[in-house]
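Here's a quick tour for anyone meeting this structure for the first time.

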Amino acid sequence: MDETLRIMEDLNLLYIRQMALSLQDSEFQEKIDRELRVRDGACRLLAACTQKEQALEAAKSLLVCNARITSCMSQVQRMKERQVIPRRVRRSSDAALLDDRLPCKGTVSVSDLRIPLMWKDTDYFQNKGDGHRYAVFGLMQVGCDIYDTEMVIVDRTVTDICFESAVVFASVGPEFEVKLEIYSCCVDDDFSVSSGPRSLASKLSSSLGRSTGKRVRAGLNAAGDSPSNGAANAILLPASPVGGPKYQLLAQTSLTLTDVHSGVRTHGLNLVEREDPSAWLPLYGSVCCRLAAQPHCMTHTLITSYLNLQQRVGQLPGRSRLWCILRGTNLLCYRSQGEAEAGRAAAAIISVNKDTRIRATGADTNGGGNCISISNRLGADEVTHRLAADSQQQMHRWMEAFWQLFYDMSAWRHCCNELMKVERPCPRRRPVPVPVPAPRTGAALYRETVIDPQEDTAPTPDAAGGQREPPAAALEPGPRPERRLVSGHGRCRDWVQSQSFPLPPGDGRPV
């Protein structure tokens with residue numbers, strides 16, 4: 001069965017390479033080859049690693065690579081279908097009914113990702129019940145772009161799974177859909193692949209008798225060191241495929257344009273039926289994150305040229321020639337192109353939003369031609385600005401830029417009301433080693449409290465409301481006694497007996 005799966009996997013990879021070569025897209029071929037090389041390296045690392053954190057990171061990389069390769073297969077199939085299926089020929093009669101205008105792209109970021117947990121009272125407050133630890137990470141996908149978060153170790157003392165890094169999708173359309181998937185794996189399981197026989201030998205030799213354990217351990221060591229030695233008395237284990245940690249899908253959700261907000265919002269999670277109970281986590285059923293979007297029309301310059309202002313605006317006289325820049329929801333007017341390039345403040349700013357009305361007129365009242373009228377509602381009044389272009393072609397270019405801006409605003413909707421801040425991804429930190437839990441003794445909390453002698457030197461209030469000074473011996477300079485961990489009354493008694501205290505004059509017995 002394993003050999004059949006391996007053959008099918010090799011055939012799928014060969015199919016991907018052949019399809020990529022047939023498309024004659026060098027950039028896409030490099031992308032697929034890079035993912036295949038990373039996948040091969042993750043498989044080799046997973047088979048060779050002996051540390052638990054290495055195995056978790058290698059298994060995570062393998063899962064992400066498999067998801068990216070699957071996404072590439074889907075994209076290859078769609079590109080191949082577009083080449084095979086002929087496009088519909090447009091007739092001259094319906095050419096005017098079809099609009100080739102497309103909305104602009106944008107940048108989408110997911111940050112402040114937090115998943116609340118719902119532990120039982122006995123697990124969290126009384127520190128009882130399941131004491132397993134879990135490795136959790138998130139996978140986000142928009143189209144063919146797939147990114148992963150850092151891996152977080154979670155146990156029953158954690159109330160929220162928090163991911164510090166932000167995920168940014170550079171160029172997406174307004175119809176985007178961010179697919180978020182949460183994966184988990186139990187950390188307490190034994191993932192060691194290369195040291196499997198030796199760990200099994202240690203367990204068997206410790207559970208069996210001394211003489212029997214030695215024979216079993218010697219047989220397993222011989223089988224692990226030389227599997228083909230042909231010894232008759234050696235216990236041979238079957239060669240297992242590449243194992244390691246197995247991440248399970250816990251929950252998933254999808255975020256669209258309607259979920260974009262400048263702050264952190266709560267979204268519902270669809271819990272997945274778990275196949276492996278060991279990877280289960282008590283999810284609350286919701287996820288908190290900040291989904292921000294920046295349309296390119298809000299940050300990129302759409303058009304620039306000189307325009308002639310027809311009426312007086314503020315301190316600008318009428319018939320002023322201004323260098324105008326259409327960017328976002330503002331038309332920036334500078335006295336010269338040099339001021340704009342120097343980063344100086346604009347001499348006038350004309351608002352261009354969804355409620356703005358723009359008309360092109362052939363001539364104005366002052367005899368100028370190719371005039372553009374921009375009207376905005378300011379309270380109960382309507383403010384109109386008229387700017388004249390140098391030629392009719394220039395006026396057409398400005399009108400086309402305005403129509404494209406309005407089309408982008410209608411597609412991105414509330415994302416164009418204000419410029420949202422998009423978090424940039426921070427550099428990845430090295431994986432944190434998996435902590436080894438300290439053995440629990442079952443003692444009460446106050447028995448394990450650390451006592452600091454420096455706290456005894458602080459003045460304490462007395463019954464009369466004043467402050468009682470510490471003893472003089474505590475204020476004398478000298479080496480401080482080191483901090484001791486008091487755990488149980490027996491340790492206190494042993495510590496007191498081990499100290500040498502000055503005795504009163506005489507034989508030391510109380511009077």
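Let's start with Tyr147: setting aside neighbours within four places in sequence, this residue is in contact with Arg68, Gly138, Leu139, Met140, Val167, Val168 and Phe169. Keep in mind that you're looking at a predicted model.

**Around Tyr147**

- You'll find Tyr147 in strand β3, which covers residues 145-148.
- Is Tyr147 buried or partly exposed? Its relative accessible area is 34%, so Tyr147 counts as partly exposed.
- Leu180 sits 33 residues away from Tyr147 along the chain, and the C-alpha atoms of the two are separated by 9.9 Å.

**Rings that pair up**

- The structure has seven aromatic pairs.
- Take Tyr306 and Trp323: their ring centres are 4.9 Å apart and their planes meet at 70°, which makes the pair edge-to-face because the planes are over 60 degrees apart.
- That pair ties together distant parts of the chain, with Tyr306 in strand β12 (residues 301-309) and Trp323 in strand β13 (residues 320-327), 17 residues apart.
- Trp323 has a relative accessibility of 12%, so it counts as buried, while Tyr306, at 23%, is partly exposed. The cut-off explains why: buried means under 20% relative accessible area.
- Elsewhere, ring pairs join Phe137, Tyr183 and Tyr247 into a cluster.

- Gln394 belongs to helix α9, which spans residues 392-412.
- With a relative accessible area of 9%, Gln394 is buried.
- Which residues does Gln394 touch, leaving aside neighbours within four places in sequence? They are Ser305, Tyr306 and Ala389.
- Tyr306 turns up again here, as its backbone oxygen lies 3.4 Å from a polar atom of the Gln394 side chain.

**The whole chain**

- The protein chain holds eleven helices and 22 strands.
- Of its 511 residues, 35% are buried.
- Look at contacts between residues at least 6 apart in sequence, and 66% of them join residues at least 24 apart.
- The chain's accessible surface comes to about 31,800 Å², and carbon and sulfur atoms account for 52% of that.

Terms used: Residues numbered from 1 in each chain as written. Predicted model: local features only at pLDDT ≥ 70, side-chain atom pairs only at ≥ 80, totals over all residues. Heavy atoms only, no water. Helix = DSSP H or I, 4+ residues; strand = E, 2+ residues; numbered from the N terminus. Buried < 20%, exposed > 50% of the residue type's maximum accessible area, 1.4 Å probe, protein only. Polar contact = N/O pair within 3.5 Å; in protein donor to acceptor, adjacent residues only side chain to side chain. Contact = heavy atoms within 4.5 Å. Phe/Tyr/Trp six-rings, centres within 6.5 Å; stacked < 30°, edge-to-face > 60°. Areas by Shrake-Rupley, 256 points an atom, 1.4 Å probe, with all protein chains shown as cover.
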